[in-house]
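Please have the sequence and the structure at hand while reading.

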Amino acid sequence: MACFLIDFENECGNLLNGISHLNFSRNDEIIIFYSKHASHLTMELHKELEMTKAKKIYIKVEARHKNALDFQLSSYLGACIQKSPKKKYYILSKDNGYDCVCRFWRDNNIFVKRIEQFCNYDI
């Protein structure tokens, strides 16, 4: 079981290319955080997402301030960990600001890793 939290503002979907080629299970989750600044999927990306078996959740963020999406994604991660601490969590973003969040959780024996592409994950 794995949970992927996606910073959609960061690269606006380019990070998701090739997602349909991965072997997600029905127990995996893909959670996409988006804002009015990044709220459009191409038809091709939509089709790729629909081909995956993972549960998909879309969360619209009120991005009134710089890094608003980052803070909300990090808070949501904490809530997910509270419910399911044994899951593997991946933050999909090129924003290395998430690395301190990953270190915090790893220091507390929770698997959280930032990845820049889906091909880089190891469930």
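## Terms and basis

A residue is called buried when its relative accessible area is under 20%, exposed when that area is over 50%, and partly exposed in between, with a 1.4 Å probe and protein chains only. The model is a predicted one, in which local features need pLDDT of at least 70 and side-chain atom pairs count only at pLDDT 80 or more, whereas totals for chains, interfaces and linings use all residues. Residues are numbered from 1 along each chain as its sequence is written, and side-chain values use heavy atoms, with hydrogens and water left out.

## Overall architecture

The chain holds 3 helices and 5 strands, these being DSSP runs numbered from the N terminus (helices H or I of at least four residues, strands E of at least two). Their order along the sequence follows the pattern β-β-α-β-α-β-α-β.

Of the 123 residues in the chain, 44% are buried. Where contact means heavy atoms within 4.5 Å, residues 24 or more positions apart account for 74% of the contacts with a separation of 6 or more.

## Aromatic pairs

Rings of Phe, Tyr and Trp (its six-membered ring) are paired if their centres lie within 6.5 Å, and the planes count as stacked when under 30 degrees apart, edge-to-face when over 60, and tilted for the rest. By this rule the chain has 5 aromatic pairs. One of them is the edge-to-face pair of Phe33 and Tyr76, with 5.5 Å centre to centre and 80 degrees between the planes. This pair links distant parts of the chain, since Phe33 belongs to strand S2 (residues 29-34) and Tyr76 to helix H2 (residues 68-83), 43 residues apart. Phe33 is buried at a relative accessible area of 1%, while Tyr76 is partly exposed at 29%.

Tyr90 and Phe111 also form an edge-to-face pair, with 5.4 Å between the centres and 65 degrees between the planes. Here too distant parts of the chain are linked: Tyr90 is in strand S4 (residues 88-92), and Phe111, 21 residues apart from it, is in the loop between helix H3 (99-107) and strand S5 (112-115). Tyr90 is buried, with a relative accessible area of 0%, whereas Phe111 is partly exposed at 33%.

## Around Phe111

Phe111 and Tyr90 belong to one aromatic cluster together with Phe4 and Phe24. The ring of Phe111 also has the charged end of Lys88 sitting over it, 5.2 Å from the ring centre; this description applies if NZ of Lys or CZ of Arg is within 6 Å of the ring centre and within 35 degrees of the ring normal.
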